Amino acid sequence: MTKTIDYFFSIGSPWAFIGLEPFAALAAQYDVNIRPHVIPLIEENGGIYSRNRPEVRRAYWTKDLKRWAALRGKVLSFDNRAGLSDPAPAGALVVAAFEADEDWLALTLAFQEAFWVRGEDIGSAEVRLSIASAADFDAAALEERSQSGAMADLRKASYETAKSAGVFGVPTYRFEDELYWGQDSLHFLERHLKGERLAA
């Protein structure tokens with residue numbers, strides 16, 4: 001029986017973006033299914049948005065992010081963020097794609113590259129529909145499905161699942177009830193997939 005990794009992430013997380021492709025490759029290598037949960041940070045569990053951290057920590061966060069992006073072969077743009085709206089609606093399209101058994105990973109990457117590399121306003125319906133269409137999705141159908149009550153219930157259920165599991169930040173990977181927070185924890189996840197569960 002194929003095993004499953006619960007993947008808690010958001011489109012607006014640069015860490016989720018730079019870790020997406022190595023994570024997808026890891027899951028494919030070990031023949032593990034991915035169940036996506038598109039969520040915000042869970043502040044009740046201790047999640048802290050970068051904008052709410054002290055400036056000295058924000059500066060280090062940015063530098064570390066650039067290091068990891070370079071290591072992952074990604075170039076992030078930090079100079080075109082002003083005026084961008086909430087990218088969460090794009091995440092709703094990703095959930096709709098997953099539920100329709102479409103290639104949600106490809107759609108996720110398309111949105112993340114638009115947001116984090118090109119600084120596009122994927123919170124805008126016109127922009128995200130254009131991106132989805134360019135990635136060969138039926139954008140209008142996805143948008144309509146994403147706004148349904150059923151999709152809203154699924155997103156709420158994902159949030160509650162994450163909260164009860166102890167998730168606070170994104171991305172977080174859950175395999176066999178073990179949580180791995182951050183794309184820099186993928187090597188620990190891989191060891192678990194190999195059957196080695198390191199003690200905390």
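Buried means under 20% relative accessible area. The model is predicted.

Q: Is glutamine 183 buried or exposed?
A: Glutamine 183 is found in the loop between strand 4 and helix 8. Its relative accessible area is 1%. Buried residues are those under 20%, so glutamine 183 is buried.

Q: Which residue has a side chain joined to that of glutamine 183 by a polar contact of 2.8 Å?
A: Leaving aside neighbours within four places in sequence, glutamine 183 is in contact with several residues, including Trp15, Trp68, Arg72 and Tyr173. The polar contact of 2.8 Å between side chains is with arginine 72.

Q: How far apart in space are glutamine 183 and phenylalanine 137, C-alpha to C-alpha?
A: In sequence, the two residues are 46 residues apart. In space, the C-alpha to C-alpha distance between glutamine 183 and phenylalanine 137 is 27 Å.

Q: Which residue has its backbone oxygen 2.8 Å from a polar atom of the side chain of serine 185?
A: Serine 185 lies in the loop between strand 4 (178–181) and helix 8 (186–193). Serine 185 has a relative accessible area of 12%, so this residue is buried. The backbone oxygen at 2.8 Å from its side chain belongs to tryptophan 181.

Q: Which helix supplies the largest share of the lining of the largest pocket?
A: The largest pocket has a volume of about 1500 Å³ and is lined by 48 residues. Helices 1, 2, 3, 4 and 7 each supply at least two residues of this lining. The largest share, nine residues, comes from helix 2.

Definitions and conventions: Residues are numbered from 1 along each chain as its sequence is written. This is a predicted model: local features need pLDDT of at least 70, side-chain atom pairs count only at pLDDT 80 or more; totals for chains, interfaces and linings use all residues. Side-chain values use heavy atoms; hydrogens and water are left out. On a 1 Å grid over the protein atoms alone, a cavity is a set of points where a 1.4 Å probe fits but cannot get out, and a pocket is an open set with protein on both sides within 12 Å along at least five of seven lines; lining residues have an atom within 4 Å of a point. Grid points are joined across faces, edges and corners, and a volume is the space filled by probe spheres set on the points. Helices (H or I, at least four residues) and strands (E, at least two) are DSSP runs, numbered from the N terminus. Buried means under 20% relative accessible area, exposed over 50%, partly exposed in between (1.4 Å probe, protein chains only). A polar contact is a pair of N or O atoms within 3.5 Å; within protein, one must be able to donate a hydrogen and the other to accept it, and residues adjacent in sequence count only if both atoms are side-chain atoms. Contact means heavy atoms within 4.5 Å.
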